[in-house]
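Please look over the sequence and the model before reading on, and keep both in view.

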Amino acid sequence: MGNIVILTGAGISAESGMGTFRDADGLWTQYSIEDVATPGGFARNPGLVHDFYNIRRIRAAEAQPNAAHRALTRLQAEWPGPVTIVTQNVDGLHEKAGSDGVLHMHGELAGALCQGCDHRWPAPPDMSVTLACPSCGAARTRPDVVWFGEIPYHMAEIAGLLDSADIFASVGTSGQVYPAAAFVQQAREAGAHTIELNLDPSDIAHDFDEVSTGLASQVVPAWVDDMLAGAAGGQAAQADPERPVT
Ligand code: APR
């Protein structure tokens with residue numbers, strides 16, 4: 001029944017209270033990207049950056065997955081082929097919903113990274129510039145998230161997945177940040193059927209074969225139901241070759 005690759009963005013976590021970046025009340029209306037999401041911003045004022053991520057880390061720890069996250073977990077469990085979630089989100093809600101093998105291309109709030117020796121360890125809720133690296137002892141700890149101007153994680157693995165995708169779905173992303181915004185084109189070139197599931201058509205909605213608009217907690221479970229019904233029908237047809245395929 002084919003390989004499914006799903007890209008998720010902040011919109012899938014909006015109904016879990018995590019907020020988004022570019023909506024009317026988004027994070028980038030409250031903070032400057034340059035100040036809190038770039039290496040230069042961290043060098044200039046690491047305390048401000050830690051405060052920004054500490055607030056989000058604590059909010060993420062309290063947040064619960066919603067029906068959209070849970071529907072993707074169900075798809076992973078019941079679809080007769082591989083289902084890989086590639087997320088731009090750093091909130092850990094896919095894992096809380098029971099999904100596995102999630103590729104965090106922008107890193108995770110739950111991770112700490114030492115700028116001195118590249119050691120990674122589980123982040124404490126409250127990080128600060130004085131937090132010493134458990135490996136080298138340097139007080140050069142940063143959140144293990146990918147900032148603007150840095151290379152996202154898992155890109156080679158993601159490229160391989162897109163090149164062998166049969167179905168590519170994008171959930172809750174505005175399609176304004178690359179390289180994630182180009183994934184749909186790479187999947188199409190590989191022959192995948194592509195669908196966007198989003199509150200409103202994104203800037204790249206025209207790149208998709210299908211666009212389903214609405215709240216993620218509604219359109220994602222509906223899409224998963226359709227997919228699994230189709231898979232069951234396909235399997236039934238395979239199981240009973242005499243039955244005419246309607
Ligand atoms: N259900 C579905 N979609 C929603 C919902 C919802 N409840 N609420 C918002 N959306 C949609 C918005 O319409 C928008 O298209 O989610 C999208 C969120 O877009 P952004 O705020 O730009 O977030 P995202 O696309 O994930 O940003 C990508 O940019 O700033 C960087 O690193 C950051 O990972 C982030 C990346």
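What volume does the second largest cavity have? The second largest cavity has a volume of about 60 Å³, where a cavity is, on a 1 Å grid over the protein atoms alone, a set of points at which a 1.4 Å probe fits but cannot get out, and where a volume is the space filled by probe spheres set on the points, with grid points joined across faces, edges and corners. This is a predicted model, in which local features need pLDDT of at least 70 and side-chain atom pairs count only at pLDDT 80 or more, while totals for chains, interfaces and linings use all residues. Residues are numbered from 1 along each chain as its sequence is written, and side-chain values use heavy atoms, with hydrogens and water left out.

The lining of the second largest cavity, meaning the residues with an atom within 4 Å of a point, consists of 14 residues, and L7, T173, A180, A181 and I204 lie nearest the centre. Strand 7 (167-171) and helix 8 (183-189) are the elements that give two or more residues to this lining; helices (H or I, at least four residues) and strands (E, at least two) are DSSP runs, numbered from the N terminus. By class, this lining has 9 nonpolar, 5 polar and no charged residues, with Ala, Val, Leu, Ile, Met, Phe, Trp, Tyr, Cys and Pro counted as nonpolar, Asp, Glu, Lys and Arg as charged, and the others, Gly among them, as polar.

Among the residues that line the largest cavity are A10, F21, R56 and D91, and its lining divides into 5 nonpolar, 3 polar and 2 charged residues.

A pocket differs in being an open set, with protein on both sides within 12 Å along at least five of seven lines. The largest pocket contains about 870 Å³ of space, and of the 42 residues that line this pocket, A10, F21, R22, T173 and S174 are the closest to its centre. Helix 4 (46-62) and strand 8 are the elements that give two or more residues to the pocket lining, which by class has 21 nonpolar, 15 polar and 6 charged residues.

In it, 6 strands form an open sheet in the order 3-2-1-7-8-9, with parallel pairing, and two strands count as paired if DSSP finds at least two bridges between them. Strand 3 and strand 9 (210-213) stand at the edges with a single partner strand each, so one side of each is left without a neighbour in the sheet.

Strand 2 (residues 83-87) runs parallel to strand 1 (residues 4-8), to which 5 bridges join it, and V5 stands opposite T84 in this pairing. Strand 2 also pairs in the parallel sense with strand 3 (residues 103-104), over 2 bridges; in strand 3, L103 is the bridge partner of V86, and H104 that of T87. In a regular strand the side chains alternate between the two faces of the sheet. Both faces of strand 2 are covered, since V83, I85 and T87 on one side and T84 and V86 on the other are all buried, where buried means under 20% relative accessible area, exposed over 50%, and partly exposed in between (1.4 Å probe, protein chains only).

Which residues touch the most other members of the largest nonpolar core? In this core of 24 residues, they are I4, I6, L75, W79, V220 and W223; a nonpolar core is a set of buried Ala, Val, Leu, Ile, Met, Phe, Trp, Tyr and Cys residues joined through side-chain atoms within 4.5 Å. Strand 1, strand 2 and helix 5 (67-78) are among the elements that give two or more residues to this core, and helix 9 gives the most, with 8 residues.

By the rule that a disulfide is a pair of cysteine sulfur atoms within 2.5 Å, the count comes to 0 disulfides. C133 is in no disulfide, the nearest cysteine sulfur being that of C117 at 3.7 Å, and C133 counts as buried at 4% relative accessibility. C136 is likewise in no disulfide, with the sulfur of C114 the nearest at 3.6 Å, but C136 counts as partly exposed at 40% relative accessibility.
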